[in-house]
Structures are given as structure tokens and as C-alpha cells.
There are 2 protein chains.
Amino acid sequence: MSSAEAPQDPKNKSIRVQMEALIRRKQLEITKGLESVEDDPNVVFKVDEWSRGEGMGGGRSMVIGGGKTFEKGGVNISIVHGDLSPTAIAAMKHDHKNIATEQNKSTGCKFFACGLSMVIHPKNPHCPTTHLNYRYFETWDAEGNPQCWWFGGGADLTPFYLYEEDAKNFHQKHKDALDKHDKSLYPKYKKWCDEYFTITHRNEMRGIGGIFFDDMDDRDPQEILKIVEDCFDAFLPSYVPIIAKRKDSPFTEEEKKWQLIRRGRYVEFNLIYDRGTQFGLRTPGSRVESILMSLPEYASWVYCHEPEKGSREAKLLEATRNPVDWV
Amino acid sequence: MSSAEAPQDPKNKSIRVQMEALIRRKQLEITKGLESVEDDPNVVFKVDEWSRGEGMGGGRSMVIGGGKTFEKGGVNISIVHGDLSPTAIAAMKHDHKNIATEQNKSTGCKFFACGLSMVIHPKNPHCPTTHLNYRYFETWDAEGNPQCWWFGGGADLTPFYLYEEDAKNFHQKHKDALDKHDKSLYPKYKKWCDEYFTITHRNEMRGIGGIFFDDMDDRDPQEILKIVEDCFDAFLPSYVPIIAKRKDSPFTEEEKKWQLIRRGRYVEFNLIYDRGTQFGLRTPGSRVESILMSLPEYASWVYCHEPEKGSREAKLLEATRNPVDWV
């Protein structure tokens, strides 16, 4: 897009500034909402600020751990900017073709990126793990002219035991948020989510879906920002009631073991396939602990583990192998 | 190399046939040697044969788990052959430049590969994890003419607590095996091992070294086969005495926790950086469970974990950050 079309809102605040304000607000709301179902009153999110170095931005991690409800989790925001090398542009062009202008390929460009990333691993195997991420990206050329921008993100659910009502609630809330804007979005983003979170080498998904989109720049950025805000707002009602209902469910040692095996698959997806993790770990100066906060406190690998036919574990696995339209 | 120089031994057995016989023999010897220090008499290596499908080879996994000494481990051999596509050749040429002939780049070629891979995760945190792998690779063109071949492999040690005498023993035995043939090999292969097993994003090594080499074709293949055999033979005396000495050491819950955190790093290396794992998981028809048998039964991730200054854990970490010349 040309400089004249650079994302601005009617009050003349740039999308960049609005998105940063949004993620800062949502970080506080989400952590507060999650704390409301943490049964140990001494366990709250701890704040950890970090910087990429002079003039390159940084972030604010909020982490929780060792709770009665939540074993481990983090709600992190990052607001970073700086230079993108021609090599970095080459690596990104597969997913974001607009970035690879002839000029950028030879001289690089400036970028701004901000986003909120969350992963929550509850303790009880009847409570699902969840992940959410919404982000905004923008570039300019050497003369300071805006070049390209996009939004991306989504939220997805990774249960260890399948409760259809939970799957339906999670998806319905996100569908409602998207439907308000455009009814074609949910079906597309649900499918994208199932495809993106696939553990290819196992031919199964990490979880049971949600929504996912990337490279979104097909309408007024102000409208996309509102879609993102509504998706953010869908999260707590999509997830907190599930945790409230399941956190005190009795569970066996076998069920805990199954949770750890599924968490092993979570680790496999994140370390092998997740583009954000791959890109982050390969970016010099990135904050490894914030990227890897997505990993669970415990994970397990058992050689050739396959649940018994007809078991509840097999039913979950079935839903990760054949995506279900929950709503 | 030309057809006339295709690896043959004086008794006219091809290197391929000899290497396959060697890994079959060593699989039995190594599993027997390890079983000698397993304290639960009911826990032995279990055999699991698998096939890649008609005429493409297969393998024989031998796995152990749930022992008093060994929590999880596998000693696997695979003997596979078939077609390498131009895409696969392009992916391999970075590490093995001889494979990328003009003809192969356009039409592909036939290949044969065999090797033994082992990872052993003992239970006691004072016992080190270890890994060993030796492999042979060969290609022919469409007319059946041998094209290129190489050996690769090594063995390395991943302790959770540092015992210098253990580190010295492991390295000395492997150094002796290499020195018999060529005194320039050990220093080169020790350095290569430290470099290869680096977890780049953490700026630390997976363990404390050993030996590693790849793409070895710089001398008579019959001589390299003998080097590989001597390295194989170095393994049991380099490792079994350590296990015998440490398997009954008392340990605390904290020490066990530290072991699991270090195993998390092991998982990070294997899933993100290990070339064999990456290549295997991306190869259609590969056997995922045999590739991922390298992962521990349990691993743990703790946000921003850093051992106390001056502690034994800090001492171990120090040795993974600054490679030591043990012998």
C-alpha cells in the first residue's frame, strides 16, 4: 500500500499505537480472569519486564506456576522494532509475500511488530491446555514510507479428555466474535487452525481446533483491529467456564500420565513446526525464555504408546486425527 | 569415486554387507552389556522389527524401559534402500557435497543406508544419559554404478552432575580407539562433537562431549570400517563402569528435578537441531517411534531456571557452556 494509505484511525492514532494499547489492556484482563479460577490465593501472575536493547523494544511477560489450578502458564506481550535484513525478508516471504519487494530484497527494511501470546497448562487432566496469540506487523522502507502490514493470530484448545460441550463452547464463542463482522471468517479460520496445528509426522493435530489466521490485510485495518479485539474478548468466556467446571474433577494417575504424553506431542509441535517458535529461536537477541514459556512443566514420551480401543483416550486421539466441526 | 573403486573388502564382501553385519553384531553386544547393569532382572531389551515396505528395507528396534537402572532407552538398527529424489539430494548436498552431481540433481539416484542408533536414559540423576550412532551411506546412479559413500557417527555423554573421572573415562576410551588408527582424529572429532551438539538458542551444549564425525570418505573404506568397529568397541567400557558406580547413589527430589530440566534441553536439541531427527521426521514413510525413542520418559521446563551460583548444577552448566578437554 502507498504511504497515503498507511493505517490510521479517525482520531489520527496509528494502528500500531492502538494495537499496543489493546494488547497491554488485554494482558491485564486475561491474567485477572484466569486468576479468578486459581484456587491457591498465593499463586498469581508474576510480571517480568525485558528489553531487546536500546531502541529495539521489549516485552512484559506475566507468568504463573505451581498453582492448584494452573501448573504453568504465561501471558506475554512484546513490542519490538528494528531492521529486517534481506535474509530475514527471504525467510518471511513464503508466508507474507508483500514483504518481498525488489528494494527490500536488496537493502532490507524497518519493521514494527507487537503481539500477545498466551499458553496455559492447567494441572487437572480434565482441564484443557489453551493457547492464544494476536499480533500486528508493519514495515517501512529506508525513506520511512509505510510498505506493508498485516494481522495474525487465533486461539485453540488442547484437551486431554474430550468433553463435547467444552469444545462447542470454545468454538461457539469465537464463532460469535467473528460472525459479528463477517460470516465467512469462522469456517475459514477453523479450517486454517486445524491445518496449522498439525503434527505432520504423527498425522494428528496438537488439539481439537479453534481459530487461526495470518497475513490478514484484506480490509480496513481499523476494522481488523476491531475483529481482533472481539476475538480477544471471546477468550475468557470460551475458556474460564471450562476450567471452573473441571478443575476439581477427580483424576487417576493413569489420566495424569496420559496428559503428560499428550503434552509431549505439544512439545513436538511447538519445537518442530510452530513458525513463531522457529523464527524466534533463530532470531539473534530474541528472548528464549519468553518463547519457550509455551512448554509444559512436565512432558512424557512412551515408546509406541497407543490407547486401548474404545477408551476415552482413544476418543480424544480420534478427534485429533479427524477434525470435527464443533459448531 | 568410479565403479572400479566401489568399496569391497579382500574377501569380496562389499562394505555395505560388512557394515550391516557389524551393526547387527553390535546391537546384540551392546544390549547385553547394558542389561548386565540393569538391577531388575525382569527388565530386558525388547525386540521390535519393522519394515519400510516391500523391498525398501527396515529395522530392528531393541527398547528398554521401566527398569531400576534404566528409565528408557533404545538400541536400534536400520538397513534401508531405495530412491533419492532430486529434492532429497538438494537437502543433503549441504552436508555431503559429493552427492550433488549434475545427473543426480536432475534424475535422483539409488541409495543404501544402514546404521545403529542408541540413546540410554538411566533413572538415577547421577548416571549420565548417553547417545551413540554409527552409519554408512552409499549411492548409485540409474545404471547401477557406485557414486559416493561415507561413514558418520560418534558417541557422547550427557551427565546431570559432573564427575570428572566419568568424563575422562568416556573420552579416554574413545580417544584410545581412534589413536590406534590416526592420532589426528580424536582432537578433531571431540571438537566436532562439542560443536554439533550445541543448543544454539541457549548457547550451551547438550552434554559434555564425546566424538562426532560425518561425511568420512578420506581413506580406504575398509580402514574406516575398522575405525568404526573400534569406536563401537570403546562404548561399553566407556559407559558401563560409570553406571555400575553411580546407579545406587542416593539422590534427592531436587536432583531428580534438575535431571528432568536438563532432559528438557535434550528434547530441545533433538527436535530443533539434530539433523538425523529433522531429516527422519520429514521423510515420508519413516518410522516416527524409532526416531523419537531418543526422547526421555520425562522432561521438564521451568521458566527462567538458573542454578544457584557455586552449586553442583551450576558446575555442570559451566561445562556445557565452555567445552573442556577431558583428556
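Visitor: How many residue pairs are in polar contact across the interface of chain B and chain A?
Guide: This is a predicted model, and across the interface of chain B and chain A the rule finds 15 residue pairs in polar contact, with both residues of each pair at pLDDT 80 or more.

Visitor: Which elements of chain B give two or more residues to the side that touches chain A?
Guide: On the side of chain B that touches chain A, those elements are β2 (57–65), α7 (253–273), α8 (275–282), α9 (288–291) and β10 (298–300) of chain B. The largest share comes from α7(B), which gives 6 residues to that side.

Visitor: And what classes of residue does that side have?
Guide: By class, the side of chain B that touches chain A has 17 nonpolar, 4 polar and 9 charged residues.

Visitor: How much area do the two chains bury between them?
Guide: Chain B and chain A bury about 2800 Å² between them, and 60% of that is on carbon and sulfur atoms. In chain B, the residues that lose the most area to chain A are Glu289(B), Trp301(B) and Tyr303(B), which together account for 27% of what that side buries.

Visitor: How many salt bridges are there between chain B and chain A?
Guide: The count between chain B and chain A is 2 salt bridges. One of the salt bridges joins Glu289(A) and Arg202(B), with the closest N and O atoms 3.1 Å apart.

Visitor: Okay, strands next. How do β10 of chain A and β10(B) pair?
Guide: Strand β10 of chain A, residues 298–300, pairs with β10(B) in the antiparallel sense over 3 bridges, and within that pairing Ala299(A) has Ala299(B) as its bridge partner.

Visitor: Switching to the inside of one chain, what does β1 of chain B pair with?
Guide: Strand β1 of chain B, residues 46–51, pairs with β2(B) in the antiparallel sense over 6 bridges, and Asp48(B) stands opposite Ser61(B) in β2(B). The hairpin of these strands has 5 residues between them, where Gly53(B) takes a positive phi near 115 degrees.

Visitor: Which residue meets Lys247(A) in a salt bridge?
Guide: The side chain of Lys247(A) meets that of Asp39(A), at 3.0 Å from N to O. This pair links distant parts of the chain, 208 residues apart, with Lys247(A) in the loop between α6 and α7 of chain A and Asp39(A) in the loop between α1 and β1 of chain A.

Conventions
Residues numbered from 1 in each chain as written. Chains lettered and ligands numbered in written order. Predicted model: local features only at pLDDT ≥ 70, side-chain atom pairs only at ≥ 80, totals over all residues. Heavy atoms only, no water. Buried area = accessible area lost by both parts, 1.4 Å probe. Salt bridge = Lys/Arg side-chain N within 4 Å of Asp/Glu carboxyl O. Polar contact = N/O pair within 3.5 Å; in protein donor to acceptor, adjacent residues only side chain to side chain. Helix = DSSP H or I, 4+ residues; strand = E, 2+ residues; numbered from the N terminus. Nonpolar A, V, L, I, M, F, W, Y, C, P; charged D, E, K, R; others polar. Pairing = 2+ DSSP bridges.
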